[in-house]
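Dear colleague,

I am passing on the structure below for you to look over. My notes on what was found in it follow directly after, and I would be glad if you read them with the model open.

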Amino acid sequence: MINIALFGAPGAGKGTQSEHLIKKYKLHYISTGDLLRQELKAGTKIGLEAKNIIAEGGLVSDEIIVQIIEKTIKQNPDANGFLFDGFPRTYVQGYILEGLMINLNTSLNCLINIEVSEEVSTQRLLGRAKEQSRSDDNEVVIRKRLREYQEKTLPVLDFFRERGICKSVNGEQPIDTITHDIELIVNEEMSKQMLNVLIMGYPGAGRGSLGLALAKKYGLEHLSTGKMLEEEIKNGTEVGVKVKELFENGQMAPDDIVVPLIEKKIKACKNSKGFVFTGFPRTLVQSYILEGVLKKHGMKISHFIELEVPTLELVRRLDARSKTDRCMPYDTTTQKIIQRLIDHETKTIPVLERYRQRHEVSVIDGTGTREEVADRAYNDIENRFKHLR
């Protein structure tokens, strides 16, 4: 997710650039004026409150504005990000937006200021007024608007400069050049974000193989609970002895063993570009645990993949693996293999359903060679995260 505030004096060209950003990066547009009109039209509680204030000649309060923005963000949890236009307009609103984003477990990535001189703004607005036959939009009125912008809105830039996220582009260049400069800023911000991918699928679907491929392709850390537990067993640790006994009885490792291993891995790779998670979560409880662990470290899952493989192919793969040196204790008999598939059906499918309700889950065909499956996943990820191309 990337959140951007687009700034510029009247006539700077924010409207043109907003349209481009929304289309290219699939951002959800937040214009406080548009949102307020929607609330008024719908006759919501917030809308009625604002209507009464406007009827009495007052200005809609920051309290109402922030409620509308918060409502919009919460109603669009799967958005790639948000583009703020017309907010924040004041220094105080800068604090309001910052606090709101913190409360929603996100942040403003950058504020992009389209810089134009007062003379250029004036000439552009006079030209627009002439084209639209707006006789009331004369030079006196326009210069007053620009003075108000200088007095009230420019301090907002200082607020975000202090936080190191204020970027500027020359708004007096050709439109295509301005667009290019803004894209460079957005792409740079997107490249800083961690890519955390969760791969789900039945045992034998190829989660581990795909996890390794994605980790190598994008420079991520592969966090496989299965591999971590294998290491514990191989090293003969106290945890490994317990886990081996559980596996031999066809049981899964309990959360109080798995979670510390996950946290240990995340801490050891704190400078990573991101993680690929396979083998966890397997239960609804574990899905909540993972969200809590990631939030603790300032992260969240950015992409969900479900590997789809026919049941008979799953059984064939697991049976074939049981005859190799990659055989795990829970693969040794047909009975144990079937039990694993049943456990997945009853315990893990509900996790997938939960994610489907809250996020966009990409279904990838898991049949074919490893290279073919990986290519499908690469295309899926790069279509969603354009900066990875």
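**Notes on the model**

Lysine 26 counts as exposed, because its relative accessibility is 51%; here buried means under 20% relative accessible area, exposed over 50%, and partly exposed in between, with a 1.4 Å probe and protein chains only. Lysine 26 lies in the loop between α1 and β2 (28-31), where helices (H or I, at least four residues) and strands (E, at least two) are DSSP runs, numbered from the N terminus. Phi of lysine 26 is near 55 degrees, a positive value in a residue other than glycine.

Please keep in mind that this is a predicted model, in which local features need pLDDT of at least 70 and side-chain atom pairs count only at pLDDT 80 or more, while totals for chains, interfaces and linings use all residues. Residues are numbered from 1 along each chain as its sequence is written, and side-chain values use heavy atoms, with hydrogens and water left out.

As for the whole, the protein has 16 helices and 10 strands, and its C-alpha trace spans about 85 × 45 × 35 Å along the principal axes. Of the 389 residues, 45% are buried. Among contacts with a separation of 6 or more, 74% are between residues 24 or more positions apart, a contact meaning heavy atoms within 4.5 Å.

The UniProt annotation "binding site", from an unreviewed entry, covers Gly11, Ala12, Gly13, Lys14, Gly15, Thr16, Arg128, Gln173, Arg321 and Gly368; UniProt positions are given in the numbering used here, feature names are shortened, and annotations may be inferred rather than shown by experiment. These residues span 358 residues in sequence, and the farthest two C-alpha atoms are 70.6 Å apart, so they do not all gather at one spot. From this set, Gly11, Ala12, Gly13, Lys14, Gly15, Thr16 and Arg128 belong to the lining of the second largest pocket. A pocket is, on a 1 Å grid over the protein atoms alone, an open set of points where a 1.4 Å probe fits, with protein on both sides within 12 Å along at least five of seven lines, and lining residues have an atom within 4 Å of a point.

Two of the annotated residues can be described further. Glycine 11 sits in the loop between β1 (2-8) and α1 (14-25), is buried at 13% relative accessibility, and, leaving out residues up to four places away in sequence, touches Arg124, Leu125 and Arg128. Threonine 16, by contrast, is found in helix α1 and is partly exposed at 42% relative accessibility.

Two helix pairs are worth a look. The axes of α10 (residues 225-234) and α12 (residues 255-268) come within 10 Å and cross at roughly 100 degrees; axes are lines fitted to C-alpha atoms, for helices over the stretch in contact, and angles run from 0 to 180 degrees between N-to-C directions. α10 and α12 are therefore roughly perpendicular to each other, given that angles under 35 degrees count as roughly parallel, over 145 as roughly antiparallel, 65 to 115 as roughly perpendicular and the rest as oblique. Thr225, Met228, Leu229 and Glu232 in α10 meet Ile257, Val258, Leu261, Ile262 and Lys265 in α12.

Helices α13 (residues 284-296) and α15 (residues 334-358) pack with their axes 8 Å apart at an angle of about 50 degrees, which makes α13 oblique to α15. On the α13 side the contact is made by Leu284, Ser287, Tyr288 and Glu291, and on the α15 side by Lys347, Pro350, Val351, Arg354, Tyr355 and Arg358. Helix α15 also holds arginine 340, which is buried with a relative accessible area of 12% and whose C-alpha atom is separated by 8.7 Å from that of tyrosine 202, 138 residues apart along the chain.

Lastly, a cis peptide bond, with omega about 10 degrees, joins phenylalanine 280 and proline 281, and proline 281 lies in the loop between β8 (275-278) and α13. Most residues other than glycine have a negative phi, and most peptide bonds are trans.

With best regards
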